[in-house]
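Student: I am new to this structure and would like a close look at a single part. Could you pick the salt bridges and walk me through them?

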Amino acid sequence: MRVIVTAGHVDHGKSTLVRRLTGMEPDRWAEERRRGLTIDLGFAWTRIGDEDVAFVDVPGHERFVPNMLAGAGPAPAVLFVVAADEGWMPQSAEHLAALDAFGVRRGLLVVTKADRADPAAATALAREEIAKTSLGAVPSVAVSGKTGAGLDLLRAAIGALTAGLPSPEPDADVRLWIDRAFTVSGAGTVVTGTLAAGTIAAGDELQLGPARVKVRALQALGEPRDRVSAVARVAVNLRGTARGDVGRGDVLLTPGRWRTTAEFDVRLRGADVADLHRELVLHLGTAAVPVRVRPLGTDTARLTTATGLPLRTGDRGLLRDPGEHRIAAGFDVLDVDPPALSRRGAARVRGRELAEPDLARTYLRRKGFVRAEDFVAMGLAETGERLGEWCADEERFAELRAQAASVVAAWDSTAAGVPVEALRQRLGLPAPELVVPVLRGTGFEVTGGLVRRPGAGLAPAVEEALAVVVKRLAEHPFRAPEADELRELGLGRRELAAAVRLGRLTAVAEGVVLGPDVAERAVEQLRGIPQPFTVSEARKALDSTRRVMIPLLERLDAAGQTEPLGDGTRRTRG
């Protein structure tokens, strides 16, 4: 299927043309048919050559420009309609400005009402105006909706237009901008839109704002479908979604694949940022939201919207000035995760950054590390050195490797090494799994949660104090040294933690340490006493104290080596 939007001045025959081509009534509302005036978006379709072609018929009156923009926003191609008897008119210019701002590049000029006047003059002027925009030089066809003259030529021209459109991407992430939402009796809420890329199937789970929604059923061109692939006009029946929870401007997304942002940097087209008012309305897809404009350079700006939008680098939209009833500028999205502008002069610096040609490289250089999936979500090409799920900026990576070596070398010599989390925080790494790649080539390793040199042990003074503790535990395995004893030996929390990480001691509670094989030895001796046993009986059997025995037994319970029976007694297991 191909989707084409109409555009042009009010009463120039857009709806009549669609009606003639499709045999369908695009005006959905009784008021539209009574007044002969398109107020909202209309939809109709037909078969042209080997393609199904769906038309989005937009209103031409200046009062309904926001409705027109909702239809033109997702449009891949346009039929630009100009009447032969009236020629180029104000709304012709505004519609063309909107299409140019959206960056629409493919279209066809249709000069209607050729039975009323010679279409040559209107055709020449319209082609001249259109050629100045993103559409460039377009073919033209003159027709009469009243007599049907030229309709065969128009069908052939539409066939040529659709044949030149880009191939759809059925495997792409779904982003369906909603242009209608209504309720069907017995089915519930239905939304419609132009599926520009991706595939939707019945049973799929999609993102709608903060909520996940389920696709109950689908239609395309009025027929039920199990799945619909781009490009298509699609109606989606949503399970369990209230009609009041969804409307035009909302969007259905592939979950987890899009970044919603209310602040992003853009390059303007068609105007200098200095000429814009600071408060405008942003149109993108079918959304229309208030936006604040902050200049960054002559043609770059930061846009802050009232609500978040799912955007990617390369998206195109426009800024409209409702007070002056004009299209103020088009824009291309450059960065959906921009840096804060908190320092004096930061806006000018940011404007210069946005002039750099490789936006992905610029972003990675600023962040240092970026998940590969985040590049996809932002619409950027993957770049940098791949480290598992992450991409690293090579320069930042080299700096951190040198910094890591310095941190480890300068760490307290009484410890067995630097805890991995401590090193991660010192280096500012976003994830623990990046510590090992950063250490590669430095001569350090990660062992037992510590970063150290291979074979490195404890400091001599710590080793000497530890030997005293080990000797005492050899004589009384279940009598833990008191805090005062440990302090006199110079074994503080850090030294004890290092010994535990190296497997030299076992910590059974805060400040309570025993030998490395204490659990196995305790279970072995407890099996030799009558079952079940109390804490007091276990304490006597192991020649220990309550300070040690209670946390030791709780440790054995957690390991499944002993089993509490609920009456204050336990028994060994296995």
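Tutor: Let us start with Asp173, which counts as buried because its relative accessibility is 15% (buried means under 20% relative accessible area, exposed over 50%, partly exposed in between, with a 1.4 Å probe and protein chains only). The model is predicted, so local features need pLDDT of at least 70 and side-chain atom pairs count only at pLDDT 80 or more, while totals for chains, interfaces and linings use all residues. Residues are numbered from 1 along each chain as its sequence is written, and side-chain values use heavy atoms, leaving out hydrogens and water.

Asp173 forms a salt bridge with Arg257, their closest N and O atoms being 3.2 Å apart; the term means a side-chain nitrogen of Lys or Arg within 4 Å of a carboxyl oxygen of Asp or Glu. This pair links distant parts of the chain, 84 residues apart. Asp173 sits in the loop between H6 and strand E7 (175–184), and Arg257 in the loop between strand E15 (251–253) and strand E16 (259–269). Here helices (H or I, at least four residues) and strands (E, at least two) are DSSP runs, numbered from the N terminus. Arg257 is partly exposed, at 32% relative accessible area.

Now look at Arg371 and Glu389, whose side chains meet in a salt bridge at 3.0 Å, N to O. Arg371 lies in strand E22 (residues 369–371) and Glu389 in the loop between strand E23 (385–387) and strand E24 (390–392), so the pair ties together parts 18 residues apart in sequence. Arg371 is partly exposed at 25%, whereas Glu389 counts as exposed at 53%.

By this rule, the count comes to 35 salt bridges.
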